[in-house]
Amino acid sequence: MKKLIFLFGLLSVWFVSGQNSITGIVLDANTDDALQNVTVSVAGNNNIEVVTDASGTFKLTNVAAGTVDVVFTKDGYSILRMPVTIADGQAIDLGTVLLKKFIQEDVTLITLTDDELNDDSTAADNISGLLQSSRDVFLRTAAFEFGQTFFRVRGLDSENGTVLINGIEMNKSFNGRPQWSNWGGLNDVVRNQTLTNGLSASDYTFGGILGTTNINTRASQYREGGRVTYSSSDRSYTNRIMATYSSGLLENGWAYTISAGRRWGEEGFNDATFYDANSLFVSVEKQLNDKHSLNFTGIYAPNRRGLSSANTQEVYDLKGIRYNEFWGYQDGEKRNSRVRRVVEPILMLNHYWDISENTTLNTNVAYQFGEQGRSRLDFGGTDIDPGSGFPIGNAANPSPTYYQKLPSYFRRNFPDNPLLAFQAQEAFVNDGQIDWQSLYIANQNNLVAGGNAINIVYEDRTDDRQFTANSILNTVINDNITVNGSVNFTSLVSENFAELTDLLGARAYLDVDPFASDLVNNPGAVQNDINNPNRLITEGDRFRYNFEIRSNTIGGFAQAQFKYKKVDFFLAGSVKNTTYQREGLYRNGGFPDNSFGKGEKLSFTGFGAKGGLTYKLTGRHLFDFNAGYVTRAPSIRNTFSNSRENNNIVPGITEEKITSFDASYIYRSPIIKARLTGYYTKMEDANEISFFYADGVFASFDGQNANTNLNGQAFIQEVLQGVDKRHIGGELGIEAQVTSTIKLKGVASVGQFTYDNNPNLYISSENFAEITSEAGRGVVPLGQTNLKDYKVAGGPQRAFSLGFEYRDPDYWWFGASSNFFSNAYIDISPLQRSSNFYTDFTDGQVFNDYDPELARELLRQEQFDDYMLVNLIGGKSWKFGDYYVGFFASINNVFDKEYKTGGFEQGRNANFRELRDDSALETRVFGNRYWYGRGRTYFLNVYFRF
């Protein structure tokens, strides 16, 4: 009996102590809004930890009697430690707990979007914009520390991530990539973002294998108030000013947000890279009743900027990494010949319908229109010879880095006269820019003689009109199951043409092809448009090429998400049909039967299936697995082999296939957050098209020979068909809140991204118009190109970062990071790794002096040097009643390290003999071209918020 009484007493004590509890509600100290997903724990006890619910409420149970520290943590907020003394059997209600938000504000969106995303459709493409809203330490670091090197997460381009605005996809049909500049300079209003990483489930769309970013511009969901910002930098622009105001939801059910900005500068880091951009945003919402709301969004962000050149090492050694070949002085001002211009307004109407407490339907329509232009110099102006009727003329190449103007050319061709090389070097070092005056003089002299323009400036234009409509359904079946789905339709009409923008003092320009060949047998080949021969054009006229691409897509996705105590998982599927059709508006002289009118209508059907599972071993230890298989239509860019001249499509084109898998271990505690991930991605049946001028091209098929000159020179389109790539690697991200003010972080990315097969290679050119193969007229099959196991170019394949942040309770903070990069490679030339490389075009046989060992050495892929970059950032903010004032400043590349971010092999040396002779020189004439990263740069931002 005594034992029973004793046991009963022990149980009573345990029961009473088990009732010790601490409850409360966590709110934002500034807005009094409830804070969800705040981690609340007892310091020193790993078993007592909860997160707040949607109302900010929490309850800790089984708290030991005595004095304990209750710790509150949430990203973006100061850690709060609250001592609490609790007795046995006591239930303590802490009431309202206020967390203070760091007023660091928008460092991410401000320092990233305008700089690292400038070249979103060039070799500098990266995926930083997809990651900027992430709370994951690895993805944040990839966006903000690695972005300046054009690092690509898992080695993937941004076409593998999906960007939405209010549920409407913004990736371009032309290349699959988002056009960031369409909403550039509107940082204040694009910060409301929802990110899903990789193959994870998205409530809006099936998404890409890199993930999904949805930008929410609904007016009622912006914080009421305003903000004015001024920024100064020496990266892409030198000045920026922004102003934004949001009304919040008014009593009459209306809400609006307006934002305007301007970014400008005469020169960024590279010479003559001016910046001129304006931005305007408006969002207006009317809540019709408790269930229906309409929101209109308008975005207008026109921008112009001067481009910079990729250069050979010879040029960089003589002029430095800021050098840019595209400009010269005109009337005492720097004029850049290569200007990129984007004006593509977006109009959007969204209907939000709360069908029930658990079901919503979001229906959206959008219309985007406008133009993109890239200017360049043309020096091929001609006149018609009265005797022969053929065009005569052309001018010397005005590029200051044209190979016949550089010292290496004279060392190779005049080795016994070093004075020539010295004079070329002195002229280039002392000037080395475009001579605009000489271009005007040449035109004026020809005008006096009754001739046409020899030199002009023109734009390659793309004018798109796109209509998009979709509906997105979300329904909560019960506490464990959520179902998502959508249907989507997009219709695009894309006009593509060249437009003459500056006659440089002349009166007219003759619209013919000065490089056309075999005019004796085919005199019409010289005409860009046989329907309008020898047409004289003036400024504002279209010329050279003119065609339309029409594209329609229709598709949908469905998804089910399941959440349980120990396991979460999802399954998703998608289907999309895409059609393309080219309509030529000019009848090209080289392809008179295959250029004018509508071409074949192409149809691609893509399917996607993916799933994921998260196993929660405990609240701190999680295991996450995702897998997917996707087929998708090729982009417009990679579908037509030579769209400017004819209707040819890539031979054997089909849907691209992607298989992807990743597995992660995730650790979460109030002090440490970490993720370790391994991944594997296989991409199959992709296509890649590039354009360049080549020497030593042997083009022959079935006894038909191309009409190239004695050196095998031609401007060609290089078509890779059936490209397979393999991406495998691992990611590690860890951050530790070692004190309430100091956070340490470490990140590692180790990958291997390689070509996984030897794809088919075709070359196309107007010079090959006499050849007809199974791939079409003017398309020459070269068999396979030996790319297997070569590395895929695109930033470093290994990257590491160590850093820390200090955040003082008085709202000042600073941080530093050291970042190491390695295993970056040059973009290789497929043509040099094909049969063309060892074939003598004079007889079709292997070169009699071909050396396989030397060839392997010549074709060894260049690996760039490793490098380390150190970055600093810091700031301070003040609160005066309801007003906030703050600033932050960052310095990238503190030690001014010079490093290569990318580059490519010039395809000009297309065969063994050309490459052998060029590589034997101390300084190559046609060496690899590189992009260098910026040296030491700064960014300063000051803001006032009310």
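**Labels and their cut-offs**

Modeller: Phe814 has a relative accessible area of 36% and is partly exposed.

Biologist: Why is Phe814 called partly exposed?

Modeller: Buried means under 20% relative accessible area, exposed means over 50%, and partly exposed is in between (1.4 Å probe, protein chains only). Phe814 has 36%, so the label is partly exposed. Trp812, with 33%, is partly exposed as well.

Biologist: Before we go on, what kind of model is this?

Modeller: This is a predicted model, in which local features need pLDDT of at least 70 and side-chain atom pairs count only at pLDDT 80 or more, while totals for chains, interfaces and linings use all residues. Residues are numbered from 1 along each chain as its sequence is written, and side-chain values use heavy atoms, with hydrogens and water left out.

Biologist: How many aromatic pairs does the search of the whole structure find?

Modeller: The search finds 40 aromatic pairs. One of them joins Trp812 and Phe814.

Biologist: What makes the pair of Trp812 and Phe814 stacked?

Modeller: Rings of Phe, Tyr and Trp (its six-membered ring) pair if their centres lie within 6.5 Å; planes under 30 degrees apart count as stacked, over 60 as edge-to-face and the rest as tilted. Trp812 and Phe814 have 6.1 Å centre to centre and 10 degrees between the planes, so they are a stacked pair.

Biologist: Why is the pair of Phe837 and Tyr850 called edge-to-face?

Modeller: The ring centres of Phe837 and Tyr850 are 6.5 Å apart and the planes stand at 80 degrees, so the pair is edge-to-face.

Biologist: Which parts does the pair of Phe837 and Tyr850 tie together?

Modeller: Phe837 is in the loop between strand S46 (812-822) and strand S47 (839-840), and Tyr850 is in the loop between strand S48 (845-846) and helix H9 (852-858), so the pair ties together parts that are 13 residues apart in sequence. Helices (H or I, at least four residues) and strands (E, at least two) are DSSP runs, numbered from the N terminus.

Biologist: Are Phe837 and Tyr850 buried, partly exposed or exposed?

Modeller: Phe837 has 2% relative accessibility and counts as buried. Tyr850 has 26% and counts as partly exposed.

Biologist: Which residues form one aromatic cluster?

Modeller: Tyr402, Tyr403, Tyr409, Phe410, Phe414 and Phe926 form it.

Biologist: How do you know that Ser669 is buried?

Modeller: Its relative accessibility is 8%, so Ser669 counts as buried. Ser669 sits in the loop between strand S35 (656-668) and strand S36 (672-694).

Biologist: What is Ser669 in contact with, leaving aside its neighbours within four places in sequence?

Modeller: Ser669 is in contact with Glu49 and Arg620, where contact means heavy atoms within 4.5 Å.

Biologist: What is the phi of Asn823?

Modeller: The phi of Asn823 is near 60 degrees, a positive value in a residue other than glycine. Most residues other than glycine have a negative phi. Asn823 lies in the loop between S46 and S47, and at 15% relative accessibility Asn823 counts as buried.

Biologist: And what is the phi of Asn534?

Modeller: The phi of Asn534 is near 50 degrees, again a positive value in a residue other than glycine. Asn534 is in the loop between strand S28 (509-510) and strand S29 (536-537). At 35% relative accessibility, Asn534 counts as partly exposed.

Biologist: Why is Asn928 called buried?

Modeller: Asn928 has 12% relative accessibility, so Asn928 counts as buried. The residue is in the loop between helix H10 (912-919) and strand S52 (929-932). Not counting residues up to four places away in sequence, Asn928 touches several residues, including Asn311, Ile826 and Phe904.

Biologist: What radius of gyration would a compact globule with 946 residues have?

Modeller: The globule rule is 2.2 Å times the number of residues to the power 0.38, with the radius of gyration taken over C-alpha atoms. With 946 residues, a compact globule would have a radius near 30 Å; the protein has 31 Å, which agrees.

Biologist: What share of the 946 residues is buried?

Modeller: Buried residues make up 56% of the 946 residues. The protein has ten helices and 53 strands.
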